[in-house]
Amino acid sequence: MGDISYLLPLLFVGVGAVVLMLLSYTKSLSISSIAKIALGFLVLAFISNVYYFGELHKVYPYENVFFGMIVSDTYSVYFNSILLVGAIATILIGWDYFRPDRRFTGEFFSLLLFSTFGMMLLVQSAELLSAFIALEIASLSLYVMIGFQTDNIRRVEASYRYLVLGSLSGVLFLFGTALIYASTKTTFLGNIGVELLPQTGKDISLAIGGATLILITFLFKISAFPFQNWTIDVYDGSPLPVSAYMASTFKVAVFAFMLRFVAMDLGYIKDYWDGLLMGVIILTLAYGTFLALAQNNLKRMLASSSIVHTGYLLIAFVSIDIIGESASSSIIYYLIAYFLSAMGAFGLISYISSSDKLRLTYEDFKGFSHVRPYMSAMLSIFMLSLAGLPGTIGFIGKFYIFSGAIEAGYTVLATSAILATFISIYYYFKLIALMYFYPSPILSNVPPLKGLPPIFIGFIAIAVLWGGIGNTFIAFFPSIDFLIDVAKLSHRSLFLQ
Amino acid sequence: MSNSITAYMFLAMLLLSIGFLGVISRKNIFVIYMSIELMLNAVNLMFVALSRYNDLMSGQIIAMCIIAVATAEAGIFLSLIVVLYRRKKSLDSDIFNTLSQKEAL
Amino acid sequence: MYEIIAFYTFSALVIGLFGIVVLSKNALYSMTALAGGMVFISGFFFILDAEFLGVVQIVVYTGAIMALYAFGMMFFDTTRDVKEDIRCKKIFYTLSILSAVLVLIVLSAPIFSANIEAIYPTLEGVGNVQTIGLLLFTKYLVAFELAAIMLLVAMIAGIVLVGKKLDAQSDDLEVAKELK
């Protein structure tokens, strides 16, 4: 196994995307067989990725050909696993949703793989230009995935809004890169940090400006406070499995890149951001909570609450330079927790609404537990995990972040986050209460639990519970401590030479 | 000397702000797209000027890749504009209000 | 000296043209101004010894993308409100004569250009195109390949979004029949 083994996950996904693109031309293949092929490529990529999972390494594959633009380390393997699971989950959740009569064709799966390819490259790129192009590959395919059903004007509008704002933030990223290039004469991660060391005695004000512009792009992509307005509309306008994909994987990929960039290069610049980020976090939490309270539509509520979760993640991001490794690993762990809960919630809602074109509001769930008890149970588990109740993976994730923030001395942030959590219990529990405490069911034509998606969603629900209680109650069972250890290891792998 | 890197950077930032003005103030979706293209041009100019000033070629390569990015975005913009125009028969971005903060349905 | 003059001339032109892009009420004027502005941006590239990029800017950017957009715009009939009749004949003729003179100067420029000396001498022995090629296929190979994949995605996007499927077309026909 040479260097190629480090690139195999990328190769499988990239080749899979091209193969699917060619296959979608033939009319003889049904859409479910194309979905199976896509799934096959993703699983192959996942297996070849897991081979290096948890092994401390940092390799620049084919350094004499690629000149260190692509890196493979424990960190990238960790994040690639999340991204690949996200893509696999999207296909499984949407198994019944992606049907030809909804104008989904084989090209959709090709674009899904292209977008996963772009995100994986974003995690693995060690240079700003290739990172930008990887980001563009991922977002261009996402724009099209959102607007894929061109007969539905809501989809196209969501896609157009995202496109305009995404291109604008892309320009800001490039502008920031230009300023960093002006100050350091390089765009390679690692070299930038060396140029910015205080020993060089250089004026780094240009680099600070550039890095701040890149931070703004990052805040936009993860929908933090001043740049959050697109989120709800775009999530609302996209097909549900695509909303799930965006909410869970894209945020992970962007966080992964920013974390790498900050950890490797911007150690000295990050101090200038503290005040700015504190304000952003508090406003993100407050405004996200406000939006989530105001929504009546379930999809829009989940979109708004994703803004609040961004706020939690940013708290760990701020405390990273004081408590270092544990903050970084708590971000990684929280990303997994949010990923599982959001994927499950979005997936279940898309399964419930796949029979008709209903827009699900709170009211529709009145007495839902009497019709579909298992579905209500699963939905409750996901809501509990999103709210962060003990016994679920969401609790452990929040616990690590809040205790880290207090340890790092950001008591104000921790307090406001805990406050936001308390309020969030209201809008998550409202759904549970409506499901269980109303006698007369309103939703009657919900498909029964049948086929692949419910099995998979049930699997996610078990994972959410296992992440919360598994390590406490079941001794000698592989537990989440393993994930946290690997998260710490992957943070360490960033600084290997 | 006036014809230095500062002048180029100033010019590029001026063009960038002109483009930004266009994106936020105009309603025609074609003009919004063109403003974004204009901003990309300004960034390109910045990279090439820096490349000349630092005697490094990498800035020019980056500028070339940015042209490729602009081309790809142009393709997607144009196809989305075609789709939107087919549905709405207008290029005014104000009529795209199906997704509003209020509940539409 | 010439470079300073060129810088200021081009700056004024580019700012003016880009201003028109943003401020003009008519989208067609904006587009023409954008194409013009991009040509003058390539002028900067030539001053900055980036000849190859200047050529790419004119051929690919201004030539291909803007032509595509001009086509798109005409396709949408955005010119409906453009009045093509010439209101001020004097200004029109003056501008025509001025542009003819400008073309004459541009074409005869090589005769005078022998006297121009560059402020920054170019690197000896290495051509601009050669250096770009070397860098592009060594250090920036990944970025180059990724750009190719990105363009592929854009191509699929165009086909998926705009290409009408056969069944969709028949739906439209049925709707049209019903309307009749």
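These legends describe several views of a predicted model.

**View 1. Chain A as a whole.**
Chain A is built from 21 helices and two strands. Its radius of gyration is 22 Å, close to the 23 Å that the globule rule gives for 497 residues, so chain A is as compact as a globular protein of that length. The C-alpha trace of chain A spans about 70 × 55 × 50 Å along its principal axes. Of the 497 residues of chain A, 61% count as buried. Among contacts in chain A between residues at least 6 apart in sequence, those joining residues at least 24 apart make up 80%.

**View 2. Helices α2 and α4 of chain A.**
Two packed helices are described by the angle between their axes and the distance between the axes. Here helix α2(A), residues 31-50, packs against helix α4(A), residues 74-93, at an angle of about 160 degrees, and the axes are 10 Å apart. An angle over 145 degrees counts as roughly antiparallel, and α2(A) and α4(A) are therefore roughly antiparallel to each other. The crossing of α2(A) past α4(A) is left-handed. On the α2(A) side, the residues making the contact include A35(A), L39(A), L42(A), F46(A) and V50(A). On the α4(A) side, they include V77(A), N80(A), L84(A), I88(A) and I91(A). By class, this contact of α2(A) with α4(A) has 13 nonpolar and three polar residues, and no charged residues.

**View 3. The contact between chains A and B.**
Chain A gives 32 residues to this contact, and chain B gives 30 residues. On the side of chain A that touches chain B, the elements that give two or more residues are α6 (128-146), α7 (153-184) and α10 (229-237) of chain A. Of these, α7(A) gives the most, with 17 residues. Sorted by class, this side of chain A has 18 nonpolar, seven polar and seven charged residues.

**View 4. S159(A) in helix α7.**
S159(A) is found in helix α7 of chain A. Is S159(A) buried or exposed? It has 28 C-beta neighbours inside 10 Å, and S159(A) therefore counts as buried. Not counting residues up to four places away in sequence, S159(A) touches Y143(A), I146(A) and G147(A), and also L80(B). The C-alpha atoms of S159(A) and V234(A) are separated by 7.1 Å, although these residues are 75 residues apart along the chain.

**View 5. The contact between chains B and C.**
This contact takes 45 residues from chain B and 47 residues from chain C. Three helices of chain B, α1 (5-25), α2 (29-54) and α3 (58-88), are the elements that give two or more residues to the side of chain B that touches chain C. Which element gives the most to this side of chain B? That element is α3(B), with 21 residues. By class, the side of chain B that touches chain C has 31 nonpolar, eleven polar and three charged residues.

**View 6. Two loop residues with positive phi.**
Most residues other than glycine have a negative phi. K185(A), which is not a glycine, has a positive phi of about 65 degrees. K185(A) lies in the loop between α7 and α8 (191-196) of chain A. It is partly exposed, with 18 other C-beta atoms within 10 Å. D55(B) is also a residue other than glycine with a positive phi, near 55 degrees. The loop between α2 and α3 of chain B holds D55(B). With 10 C-beta neighbours inside 10 Å, D55(B) counts as exposed.

How values were computed
Residues numbered from 1 in each chain as written. Chains lettered and ligands numbered in written order. Predicted model: local features only at pLDDT ≥ 70, side-chain atom pairs only at ≥ 80, totals over all residues. Contact = placed C-beta atoms within 7 Å. Helix = DSSP H or I, 4+ residues; strand = E, 2+ residues; numbered from the N terminus. Nonpolar A, V, L, I, M, F, W, Y, C, P; charged D, E, K, R; others polar. Axes fitted to C-alpha atoms, helices over the stretch in contact; angles between N-to-C directions. Parallel < 35°, antiparallel > 145°, perpendicular 65-115°, else oblique. Left-handed = near helix turned anticlockwise from the far one by under 90°. Buried ≥ 20, exposed ≤ 12 C-beta atoms within 10 Å, placed from the backbone. Rg over C-alpha atoms; globule rule 2.2 N^0.38 Å.
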